[in-house]
Amino acid sequence: MITTCSQPKGAPLSRWLRRSVLALLAAVLATAAAAQGEVAAAASKRVVFLAQDFRNGGITAVYRGFEQACQELGWTLNIVNGNGDRATIRRRFDEALLAGVDGIVLGGFDEADIADRLAASTRPAPVLVGWHASSHSGPASSLFANVSTDPAVVADMAAALVTPAGGARAGVVIFNDGRFDIANTKTLRMREALSRCARCELLAIEDVPISNAAKEMPAALERLHRRFGVRWTHVLAINDVYMDSMHFPLLSLGRRDIVGIAAGDGSRTALSRIRSGRSQQLATIAEPTGLQGWQLADELRRAFAKQSPSGRVARPIAVTTQLLRQLGSQEIDDALPYRAEYRRQWSGTAAGSAPGR
């Protein structure tokens, strides 16, 4: 599917947001290394965004940002949905290689899934960048750059929100998808954080594929309720998708007391749920996904221009009902002037500056 992109006009920032931007920028946009020199133009490029599964709200949100950036750069963008199936992802990756595209974004799946396909290809390799395609940000074995927040920071922020009420204990279940290194990193870090909490108990780690969450969560929740009863008070999950399928099954079990916290990614559905204040999801540790979509385009552009990766790592945001109500109708990324800053960089008027700084 070939798509063209449009850039919506952002609403003016409120007075509160103007003050908050100054405080947020240093935390949200941590720049590990500034770009050196002006990045040369890279027009008329053909790029593919290969998504692990567009049912994942984080992937969809990052794609929207990437789509906008491609419009700015005048690139032709082809979007491909792997539908959560590894064989489909590998086949569609082979098709992109055969098509001779200039760059491919690995959207939410591990680079190891396609490493052998890349090695077997006899064609010149396209530039590969990834979103959550490695357990760490920056260059990886097959990637010019992987764009991600630090999963350890995400996990620590999520675990810190597990607060036992009064003198009670918190009984925590973690939902993981063991297929992904970044998910395993988050899970291990959350387990370590809970072990340091005197009034927290890790009850279980449930391995449920993100792509199967809607089908498997109701039975998993019922099983956990039978096993742990009132000892079970909190859910930590490596992605908002698990929370999408948690509310009604818990209500049917009479468990309005369970508190959900997602260690990523800040999907639109999750933000709507949290903003209402009526959901059992207390918070999500959100990726600045719009910014990351534009960073994916910037990393590709640097590679095309024979520049070094940017080294930028955005800091995640702990999103609660209070924060969303303060933001009003604004999206989280609307408070960050990354679009204007990237435009200035790409036009050569602000080469080397970090977006938002």
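Is Glu 222 buried, partly exposed or exposed? Select Glu 222 and you will find it partly exposed, with a relative accessible area of 38%; here buried means under 20% relative accessible area, exposed over 50%, and partly exposed in between, using a 1.4 Å probe and protein chains only.

Before we go on, a word about the model. It is predicted, so local features need pLDDT of at least 70 and side-chain atom pairs count only at pLDDT 80 or more, while totals for chains, interfaces and linings use all residues. Residues are numbered from 1 along each chain as its sequence is written, and side-chain values use heavy atoms, with hydrogens and water left out.

**Stop one: charged pairs**

Because they sit four residues apart in helix α7, about one helical turn separates Glu 222 and Arg 226. Arg 226 is exposed, at 59% relative accessibility. Helices (H or I, at least four residues) and strands (E, at least two) are DSSP runs, numbered from the N terminus.

Now move to Asp 94 and Arg 117, whose side chains meet in a salt bridge (3.1 Å, N to O). Asp 94 belongs to helix α3 (residues 86-98) and Arg 117 to helix α4 (residues 115-120), so this pair ties together parts that are 23 residues apart in sequence. Both partners are partly exposed: Asp 94 at 22% and Arg 117 at 26%.

For a contrast, pick Asp 53 and Arg 55, with closest N and O atoms 2.7 Å apart in their salt bridge. Asp 53 is buried at 3%, whereas Arg 55 is exposed at 55%. The count for the model comes to 17 salt bridges.

**Stop two: the cores**

Select Ile 104, Phe 175, Trp 232, Leu 236 and Tyr 242. Within the largest nonpolar core, which has 57 residues, these touch the most other members. Such a core is a set of buried Ala, Val, Leu, Ile, Met, Phe, Trp, Tyr and Cys residues joined through side-chain atoms within 4.5 Å. Helix α7 (residues 213-228) gives the most to this core, with six residues.

Centre the view on Trp 232. Leaving aside neighbours within four places in sequence, its contacts (heavy atoms within 4.5 Å) include Val 173, Leu 221, Leu 250 and Ile 258. A second, separate core has 32 residues, among them Ile 59, Ala 145, Trp 294 and Ala 314.

**Stop three: helix α6**

Select residues 181-195. Helix α6 has 15 residues and reaches 21 Å from its first C-alpha to its last, close to the 21 Å expected at 1.5 Å a residue. Its buried residues include Ile 182, Lys 186, Met 190 and Leu 194. What covers the buried residues of α6 includes α5 (151-160) and β8 (170-176).

**Last stop: the disulfide**

Finish at Cys 197 and Cys 200, joined by a disulfide (S to S 2.1 Å); the rule is a pair of cysteine sulfur atoms within 2.5 Å. The torsion about the S-S bond is about 55°, so this disulfide is right-handed. Cys 197 is partly exposed at 23%, while Cys 200 is buried at 9%.

Terms used:
Salt bridge = Lys/Arg side-chain N within 4 Å of Asp/Glu carboxyl O. Expected span 1.5 Å × (residues − 1).
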